[in-house]
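Please look through the sequence and the structure shown below. The notes that follow are grouped by topic.

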Amino acid sequence: MSLKIVKPVPVVDAADLTITEYFGNVASGTPALSACVAEVRRACAEAFQAPEFDEFVLVLEGEVDLQVSSGEITTVKAGEGVLLPRGLRVKWMWRGPCKYVPICTPAFSPTNCHREHEESAAKDAETMKRLHALHEKTGATATAASSVSVRYELTLGFPAGLLLGTLLSAGLLLGRNALRARRP
């Protein structure tokens, strides 16, 4: 088995926020998981969202304030991580420069994040239009990967189930089994 090297794809290039995807629907065609590097250049905020995915966030530099529906704000600083469970309505706010790694299971898509419209959000209408276009080109659906991954998570436990669900969704195990089935 050879290793597959993926090239990162800049999926968001807004005035105050850049997001580069390394794994996910756009960069690697992996609907079960996305992993990006996000860089915030100055104070800004995003619109509320209530994603269909779990989001594991590693803050590398700076800090991010996360506001939930109740109004409670949690600050996550450099060197810390946080898990945002699927369905949690959250607003991201930055007081200054910040660099973080969001990892989403299943992979992020503009349709499964349920982002609310907000005029002053870091991702403006044009940025969102480009993001939608990038995801439409892939033809990938995050919901299919979600059902595969969740099934294996329940059976095998989260780490093993996530890995198996990711491999199945990426076609790695299915492709190998299909080749074996064709041999005489």
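Searching the whole structure, which is a predicted model, turns up 1 cavity of 30 Å³ or more, where a cavity is a set of points, on a 1 Å grid over the protein atoms alone, at which a 1.4 Å probe fits but cannot get out. The largest cavity holds about 250 Å³ of space, a volume being the space filled by probe spheres set on grid points that are joined across faces, edges and corners. Its lining comprises 22 residues, and those closest to the centre are Ile-19, Glu-55, Pro-102, Phe-108 and Lys-123; a lining residue has an atom within 4 Å of a point. At least two lining residues come from each of β1 (9-13), β2 (17-23), β3 (34-40), β9, β10 and α1.

**Basis of the values**

- Residues are numbered from 1 along each chain as its sequence is written, and side-chain values use heavy atoms, with hydrogens and water left out.
- In this predicted model, local features need pLDDT of at least 70 and side-chain atom pairs count only at pLDDT 80 or more, while totals for chains, interfaces and linings use all residues.

**Overall fold**

- The protein has 4 helices and 10 strands, and along the sequence these follow the pattern β-β-β-β-β-β-β-β-β-β-α-α-α-α; helices (H or I, at least four residues) and strands (E, at least two) are DSSP runs numbered from the N terminus.
- Of the 184 residues in the protein, 43% are buried, where buried means under 20% relative accessible area, exposed means over 50%, and partly exposed lies in between (1.4 Å probe, protein chains only).

**The loop between β10 and α1**

- Asn-112 lies in the loop between β10 (98-105) and α1 (125-138), is buried at a relative accessible area of 3%, and reaches the backbone nitrogen of Ser-109 with its side chain at 2.8 Å.

**Aromatic rings**

- There are 4 aromatic pairs, counted where rings of Phe, Tyr and Trp (its six-membered ring) have centres within 6.5 Å, with planes under 30 degrees apart called stacked, over 60 edge-to-face and the rest tilted.
- The pair of Trp-94 and Tyr-100 is stacked, because the ring centres are 6.1 Å apart and the planes meet at 20°.
- Trp-94 is buried at 4% relative accessibility, Tyr-100 is buried with a relative accessible area of 4%, and Trp-92, Trp-94 and Tyr-100 form one aromatic cluster.
- Arg-89 lies over the face of Phe-48, at 3.8 Å from the ring centre, the rule for a charge over a ring being that NZ of Lys or CZ of Arg is within 6 Å of the ring centre and within 35 degrees of the ring normal.

**Gly-87 and its contacts**

- Gly-87 is found in the loop between β8 (81-84) and β9 (90-94), and leaving aside neighbours within four places in sequence, Gly-87 is in contact with Ala-50 and Pro-51.
- Gly-87 and Gln-49 are 38 residues apart in sequence, and their C-alpha atoms are 8.7 Å apart in space.

Conventions: A polar contact is a pair of N or O atoms within 3.5 Å; within protein, one must be able to donate a hydrogen and the other to accept it, and residues adjacent in sequence count only if both atoms are side-chain atoms. Contact means heavy atoms within 4.5 Å. On a 1 Å grid over the protein atoms alone, a cavity is a set of points where a 1.4 Å probe fits but cannot get out, and a pocket is an open set with protein on both sides within 12 Å along at least five of seven lines; lining residues have an atom within 4 Å of a point.
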